[in-house]
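Please study the sequence and the structure before reading each solution.

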Amino acid sequence: MSEADTPLKAHPPVSPESVEYWERCAAGKLLLQRCRTCGNVQFYPRLLCTACASDELEWLEASGSGVVKSFSIIRRAVSAAYEPDVPYVVALIELAEGPTMMSNVVDCDAEAVRIGLPVQVRFEAISDAISLPVFAPA
Amino acid sequence: MSNLSGKVAIVGAADTQVGKIPHMSATQLCIQAAKRAMDDAGITKDQVDGLVTCNSMAEPHMYHAEAMAEYLQIFPKYCVSAGAGGGTTFAVLYQAAAAIVHGICETVVISMADSLRTGLSREAAMVMQSSSGHPQYETPYGSTVPGYYALIAQAYMHEFGATPEHLAGVAVTCRNHACLHPGAQMREPITVQDVMDSRMIADPLRLLDCSLVSDGGSAVVLTSAERAKDLPHQPVYLLGAGEGHGHEHISQARSLTTSAAKESGARAYAMAGLGAKDMDLAQVYDCFTPVVLIELEDLGFCAKGEGGDFVAEGHAAIGGSLPMNTHGGLLSHSHPGNPGSMFALTETVAQLRHAAGERQVEGAETALVHAQGGILSSHCSVILGREAG
């Protein structure tokens, strides 16, 4: 199969409120939002604070550390583009700053992943513009 | 405060054949279900002045209910195509009931069908279903729908010590019931060991923990309690209904192990003036086995964390204290996508008419039907009974 025929993974459709987030991911930084009014930290990026509805939000660079809150080992890929990765781990990561995000746990034996496993962010480029934040055992 | 309780009844109910039906389109299945339900109610299409459908994935229309009304050549006063995933069925049921009570219309057909099995390629069906993930923050990570639900299962097992055998017990109970339903897609008995031996799809969910992919359709006819008395069948009254919404995307869930079924159930019980102990049977949404355990707990049928033992001890079997999914559920009767929980509704009508044959729950007077859509996201509970209250 030539490169042109390789099926593409799902690319995030970047929106006005996420431009900064994805640009910083491409530079190897994970951004959260912090509310200037009440201090709430949230993910994913939004127009309003989910705690107090203030629109006074600022970006906060995450430490990138977290723990596995739950996970699954995908044995049957969602589409041909993901088949080479089987078995791969889809997980919910509880970040040190509080919010939870979905991600993959990479660079380890899928069978070794457990709830509570400490992990650290890293970035996987899927195109020139887009790098996905993924996590590896800390 | 006045409410809907006891004012509207289901007077007609019917299913199409389910499973692989390559010779019929999703539109034909929707129309056939509607026609059969009208026949069952003893009414003609010209008496229908409300139509509710849900869109088909295999044969979509931009304005689905309107397209079905045109196909039928009916000219309704109330026409809506609902879309809230698996929770759709019961939310539209009480919305249609409200339309009847408020004089918007008199007789509503709710008909839903799809051809997920033969109308879409396997890959197209998987991609379409997994598009329920957040397009920016979930979908790129490549989860499948079983994968999303596996996140719930893993968290539930970790928190409460539930075992794979507990999950398997749900699949076995549903299969036993499907074996008693002549129209069910899967009618070969299975054991807990069969479930444990089936291949892993997304840990900890094995093939037999996952619901079916089916073609099929199902419909009901709703009218006022007053009109229902003049129609041929025992009316099945709507006694209570309630919704609960916790999140849309699983990564944003308030809890992975307690669902908004807790709220939808409490609201439905309050409207009906009844409680979990008053239910003679329940149909609970079983897209994946762990969901059933969480719902049984959140709907008040057993304590938190005890769903697995409740099922393993036989309480959920026909003959037990709370027979559930008496037609076999999405796990063993059929699951054509969004229309899936319609079959739980038509089954409940059969049970409350005392017309469910071999699988009849003896003396069934009152039942709870529950569905959820998304990834344990949007919940709707409905309570039905033989008496208007």
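**Exercise 1.** Determine which residue stands opposite Q33(A) in β3(A), and describe the sheet in the order β2-β1-β3 (chain A).

*Solution.* Step 1: Q33(A) stands opposite W59(A). Strands here are DSSP runs (E, at least two residues; helices are H or I, at least four), numbered from the N terminus.
Step 1: β1 (residues 31-35) of chain A pairs with β3(A) in the antiparallel sense over five bridges; pairing requires at least two bridges found by DSSP.
Step 2: Three strands make up this open, antiparallel sheet. Its edge strands, each pairing on one side only, are β2 (41-42) and β3 (57-61) of chain A.

The model is predicted: local features need pLDDT of at least 70, side-chain atom pairs count only at pLDDT 80 or more, and totals for chains, interfaces and linings use all residues. Residues are numbered from 1 along each chain as written, chains are lettered from A and ligands numbered from 1 in written order, and side-chain values use heavy atoms, without hydrogens and water.

**Exercise 2.** Describe the contact between chain A and chain B.

*Solution.* Step 1: Chain A contributes 38 residues and chain B 32 residues, contact meaning heavy atoms within 4.5 Å.
Step 1: About 3,000 Å² is buried between the chains, 61% of it from carbon and sulfur atoms; buried area is the accessible area (1.4 Å probe) lost on being put together, summed over both parts.
Step 2: One salt bridge is counted between the chains (Lys or Arg side-chain nitrogen within 4 Å of an Asp or Glu carboxyl oxygen). R75(A) and D203(B) form a salt bridge at 2.8 Å, N to O.

Definitions and conventions
Buried area is the accessible area (1.4 Å probe) that two parts lose on being put together, summed over both.
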